[in-house]
Each structure stands twice: as C-alpha cells, then as structure tokens.
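This report covers salt bridges, a hairpin, a pocket and a surface patch. View the sequence and the model together.

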Amino acid sequence: MTDYAPPAGLLKRLMALVYDGFLVLALWFVSTGIFVLVYPKTGLPMEDINGVTRAAPGYLKGILLPLLLVETWLFYAWFWMRGGQTLGMRAWRLQVRHYRGGPVKLWQTAARFLGACLSWGLFGAGYLVVLIAPHQTLHDRLSATATVELPKKPKGKK
C-alpha cells in the first residue's frame with residue numbers, strides 16, 4: 001500500500017462522495033426509523049401537533065443530529081481503517097492513506113471527518129484546494145492523509 005499513486009482529482013472525489021451519500025442516507029433512514037420507534041418509550045418530552053405525537057424539537061436537535069453525525073463518522077472510519085476505501089471510493093478507484101503510506105489511524109478518521117465538515121461549512125472551498133499543488137483537500141491536509149487514485153487492474157486479474 002506504500003506504492004506511489006497520483007493524487008485523486010476533484011471530480012472523482014465528488015462522484016465517490018455521491019455514491020457514499022446514498023449509503024449514508026440509507027443508514028440515516030434506518031437510524032431515524034429506530035429513533036422514532038424507541039423515543040416514545042424513553043420518557044423524554046413529547047409534543048402533540050394536530051393529533052400527532054412527536055419528539056420535542058429541542059430533543060431532536062440534541063439527540064438525533066449528534067447520533068447521525070457520529071454514525072456517519074463511524075461509517076467512514078470503518079472503511080478508511082480497513083483498506084482505505086468506502087464503497088464509492090472503490091467504484092472510482094480512490095484510496096485514503098496516511099500521507100507517508102500505510103493505513104489510516106482512528107485519530108486521522110476523526111480529524112478527516114471534522115475537516116470534511118469544515119470543508120462543506122466553507123461552501124465546498126475546502127474541496128477546491130485540491131486544484132492547487134500538492135492536490136490535497138483541506139481535510140486531507142488537516143488529518144495527515146492523502147487521497148490517491150489507484151491504477152486500473154490489468155484485464156484477466158482480480
């Protein structure tokens with residue numbers, strides 16, 4: 001895994017992110033469904049709107065949003081630490097590595113995820129940094145990782 005590979009381009013990164021976005025969205029649906037089923041049994045505050053009972057908005061923001069953020073980080077951390085590729089990254093032949101080569105560590109996944117949140121918080125500007133040498137995004141740089149493009153496998157090999 002320490003072989004040289006060129007930095008991944010912006011378009012491939014964004015396409016892999018779209019693929020992974022569908023998976024994360026599915027996880028969110030499942031988690032939210034479980035949350036909706038379990039919440040009324042917790043004894044936490046509920047409110048009634050036109051005959052529909054639901055969790056109080058403050059509790060939704062304080063419990064469900066952090067739960068979904070942690071779940072999303074765990075999704076990416078799991079894949080990055082086990083081979084450096086999410087399913088979307090595998091489809092586009094991208095891999096996250098320690099910048100010196102080798103697997104990504106847990107602290108790097110946290111730094112990378114928080115850096116990616118910051119990149120989106122800057123209206124995607126953290127991703128546009130990839131257009132400037134050394135062709136790494138803001139979250140690559142903050143987490144001491146590199147996202148590289150893997151070569152195509154020769155035909156006939158798996």
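Which side chain meets R54 in a salt bridge? The partner is E47, with N and O 3.0 Å apart. A salt bridge here is a side-chain nitrogen of Lys or Arg within 4 Å of a carboxyl oxygen of Asp or Glu.

The model is predicted, so local features need pLDDT of at least 70 and side-chain atom pairs pLDDT 80 or more, while totals for chains, interfaces and linings use all residues. Residues are numbered from 1 along each chain as its sequence is written, and side-chain values use heavy atoms, leaving out hydrogens and water.

**Salt bridges**

The whole structure holds five salt bridges.

| Pair | N to O distance |
|---|---|
| R54 and E47 | 3.0 Å |
| R93 and E149 | 3.5 Å |
| D140 and R112 | 2.3 Å |

D140 sits in helix α6 (residues 138–143) and R112 in helix α4, so this pair links distant parts of the chain, 28 residues apart. Helices (H or I, at least four residues) and strands (E, at least two) are DSSP runs, numbered from the N terminus. Both D140 and R112 are buried. Buried means under 20% relative accessible area, exposed over 50%, and partly exposed in between (1.4 Å probe, protein chains only).

The R54 and E47 pair is placed otherwise: R54 is partly exposed at 35% relative accessibility, and E47 is partly exposed at 25%. R93 also counts as partly exposed, at 25%.

What does the pair of R93 and E149 tie together? R93 lies in the loop between α3 (87–91) and β3 (94–98), and E149 in strand β4 (residues 145–149), so the contact joins parts that are 56 residues apart in sequence. Salt bridges that share partners also bring K12, R93 and E149 into one network.

**The hairpin**

Strand β1 (residues 46–49) pairs with strand β2 (residues 52–55) in the antiparallel sense, over four bridges. Two strands count as paired if DSSP finds at least two bridges between them. D48 faces T53 in β2. Two residues separate the strands of this hairpin, and N50 in the turn has a positive phi of about 50°.

**The largest pocket**

Two or more lining residues come from each of α1, α2 (57–81) and α4 (106–121). Which element gives the largest share of the lining? Helix α1 does, with eight residues.

**Surface patch and a buried threonine**

L25, L27, W28 and F29 make a nonpolar surface patch of about 380 Å². Such a patch joins nonpolar side chains (Val, Leu, Ile, Met, Phe, Trp, Tyr) within 5 Å, from residues with over 30% relative accessible area and no salt bridge. Areas come from the Shrake-Rupley method with a 1.4 Å probe. W28 belongs to helix α1 (residues 10–38) and is partly exposed at 33%.

T137 lies in the loop between α5 (125–128) and α6. Its relative accessible area is 0%, so T137 is buried.

Conventions
Patch = residues over 30% accessible without salt bridge, like charges linked within 9 Å, V, L, I, M, F, W, Y side chains within 5 Å.
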